[in-house]
Amino acid sequence: MRKSFKLDEIDCANCAQKLEDAINKLDGVEQARVNFLLQKLTLTAADDAFDEVLARVVELTRQVEPDCEIIR
Amino acid sequence: MNKKQRKWRNRILIALAIFAVVMVIDETGVLGAAFGKPGDVYASFVLFLIPYLIAGYDVLIKAARNIRRGDAFDEAFLMTVATIGAFAMVIFPDTDPHMAEGAAVMLFYQVGELFQSYAVGQSRKSISELMDIAPDYANIERDGKLVEVDPDEVQVGDVIVVKPGERVPIDGVVVDGVSQLDTAALTGESVPRHVEGGSEVISGCINMTGMLHVRTTKPFGESTVSRILELVENASEKKARTENFITRFARIYTPAVVFAALALAVLPPLLGLGAWSDWILRGLTFLVVSCPCALVISVPLSFFGGIGGASRLGILVKGSNYLELLAKVDTVVFDKTGTLTNGTFDVVAIRPADGIDESTLLEQAAHAEAFSDHPIALSVKQAFAGAVDETRVADAHEESGHGVAARVDGRQVLVGNDKLMAEHGVAYRDCDMVGTVLHVAVDGRYLGHIVIADVVKDDAAQTIRDLHAAGVKRCVMLTGDRADVAASVASEIGLDEFHAQLLPEDKVDAVETLLAGEANGGKLAFVGDGINDAPVLTRADVGIAMGAMGSDAAIEAADVVLMDDKPSNIAHAMHIARKTMRIVWQNIVFALGVKIIILLLAALGIANMWLAVFGDVGVAFIAILNAMRAMRVDKS
């Protein structure tokens, strides 16, 4: 399953790149893309584990970029 | 400015005010009078710490957090080290104090960051305006009332209602209503399109005049507007080589400068080349310039702007890499039919025999062809101004491969080629024009002939001129048509080369040969209408599909998609690609140039920290402003 989320307040292009790298290293994430200009996160993960993976992604984002919020 | 930015601005203003007051106190010697020596230095240290912390506490926190995660090399870290370093110079009492500089660097950095954030916000806004073609609801009739629903919920085959002023949310066919559609957002074309019952409508168009009932033919997710948005959004995933280069460069650049700064601060004083304080200060200045942000933001932003700007003209570019390739194109290969010509048959000349007028000739031909629906017959009937009265026609039949014969008003009318005339012993006149020639004879008397040909598009010749002016060396046409037809089209619009009588697979071979002839990194673009050109579109460096509005196959196969069928958009696309690449390189050269100069000056001890901060945030700000130019395209 592939879904897009709005990333609020992602401030710098470099941070977006780092966040993307970090999310891609998470368990269960097949592919993650962070688009800095569109403030968008596109996440691909298995259908049955999607919510679980998403919860991990949200938690990681809170650690890496506390200012930035994933809007579901 | 959003709420966060306003708070940020106010914080910076307060810090600036306090900084100014502290500066005055420090300069006027009040501290010296109150605390004596060296107490005054410590007092001013504490005072400057106030605006420093107000302005930069978030930067310090961010740096600390990054260090904890073991991921230190970012701007916040560099600024923290540089400013704390400046404050720490207080332990070298032999030098002038640098607290003012430390606080000022942080302030200046924050001002620059705020500007940068504002500029990014602005470009995001322009981008979302660019993409604001997706309707967020569809009207459905339920129990006689109109209800707004999420377009995702509409099933294929449902009837939706589009009111005047609204955007068509989903592709479909009009079942009821007549209106004009504004397709400018999709094609850049400003002339509205007329639709009525039975017409196909494409999502993203604005309904201008009348209420339309539309039976949907696709789900929302597969409708044209959704596909276009997806395409433009995902375009940034296919990165240009320049973009990848910048990313790799940034990864090396920052650590390299940090270690260089360290070496600069430590080695010379160890070798006894000067005071510690002097070299540490130079090292710190070095650090401030080391952030590659100007490039990391402005290069992708330029590409995005170029792609976004192009999409406003109805030119969809599927990735930054294609924009980069398009800028290097020096050979453009065209398919003829449907690309340079309209792909339809039109009457291009009417040449009556002596004593006959044009309308008589057309009238006879149109009536003889009354019952035929061959493309040639259709174009003759279309050219005839009056209505065809079928009751005047009897005994119409095809003369296989040669033309038609019929009795019109009781007289025998023959319409066809040379062979038909020869067969019936009619003395016909030869024609010097290229195309399909229809001779007309009534009761054995020759009336003249009508020439039918595929018409070259209005802007085809201009396109070739524009491409040549833009530095394209060869414009080549490939066609399955006869050589004389191809030659006439080629000379009419000024092509450099043409290959005629090609089978579809020959086109691939022809493109291969042309590709092999490319020298010095020149690229080849192939332009076709996308219907049966898929192999060639894929083989070319850049495959351009024309007239793709509503054609899934073309959107799929091509790298660049022109929504309408005007070849002049090829020249526009190349123009945008070149402009984007110019902006990208301007930014790269400018940002790196300024940084390298400041690094050199800093190493020599000429540049101070103020200049270094300009080298970081100032350059980033200017580069972003420059990148935003890529988004602006002339509609002309």
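So, the contact between H1(B) and H3(B): on the H1(B) side you have B:Arg11, B:Ile12, B:Ile14, B:Ala15, B:Ile18, B:Phe19, B:Val22, B:Ile25 and B:Asp26. Facing them from H3(B) are B:Ser44, B:Leu47, B:Phe48, B:Ile50, B:Pro51, B:Ile54 and B:Ala55. Sort those residues by class and you get 13 nonpolar, 1 polar and 2 charged. Keep in mind, please, that this is a predicted model.

How do these two helices sit against each other? H1(B) covers residues 3-28 and H3(B) covers residues 39-68, and their axes come within 8 Å, crossing at roughly 165 degrees. Anything over 145 degrees counts as roughly antiparallel, and H1(B) and H3(B) are therefore roughly antiparallel to each other. As for handedness, H1(B) and H3(B) make a left-handed crossing.

Okay, next pair, still in chain B. Here we have H4(B), residues 75-88, and H9(B), residues 276-288. Their axes are 9 Å apart and the packing angle is about 155 degrees, so this pair, too, comes out roughly antiparallel. The crossing of H4(B) and H9(B) is left-handed. If you want to click through the contact, H4(B) puts in B:Leu78, B:Val81, B:Ala82, B:Gly85 and B:Ala86, while H9(B) answers with B:Ile280, B:Leu284, B:Leu287 and B:Val288. What's the class make-up of H4(B) against H9(B)? We get 8 nonpolar residues, 1 polar one, and no charged ones.

From H8(B), the residues making the contact are B:Thr242, B:Glu243, B:Ile246 and B:Ala250. From H10(B), they are B:Leu295, B:Val296, B:Val299, B:Pro300 and B:Phe303. By class, the contact of H8(B) with H10(B) has 7 nonpolar residues, 1 polar and 1 charged.

Which elements of chain B give two or more residues to it?

Now let's zoom out to chain B as a whole. In total, chain B has 22 helices and 22 strands. Is it compact or spread out? Well, the radius of gyration of chain B is 35 Å, well over the 26 Å that the globule rule gives for 636 residues, so chain B is more spread out than a compact globule. Along its principal axes, the C-alpha trace of chain B spans about 125 × 65 × 40 Å. On domains, the assignment for chain B gives domain 1 at 155-218 and domain 2 at 342-456. The C-alpha centres of those two domains of chain B lie 39 Å apart.

Last up, chain A. Its secondary structure comes to 2 helices and 4 strands, and from the N terminus on the order is β-α-β-β-α-β. The radius of gyration of chain A is 11 Å, close to the 11 Å from the globule rule for 72 residues, so chain A is as compact as a globular protein of that length. Its C-alpha trace spans about 30 × 20 × 20 Å along the principal axes.

How values were computed:
Residues numbered from 1 in each chain as written. Chains lettered and ligands numbered in written order. Predicted model: local features only at pLDDT ≥ 70, side-chain atom pairs only at ≥ 80, totals over all residues. Axes fitted to C-alpha atoms, helices over the stretch in contact; angles between N-to-C directions. Parallel < 35°, antiparallel > 145°, perpendicular 65-115°, else oblique. Left-handed = near helix turned anticlockwise from the far one by under 90°. Contact = placed C-beta atoms within 7 Å. Nonpolar A, V, L, I, M, F, W, Y, C, P; charged D, E, K, R; others polar. Domains from an automatic or database assignment. Rg over C-alpha atoms; globule rule 2.2 N^0.38 Å.
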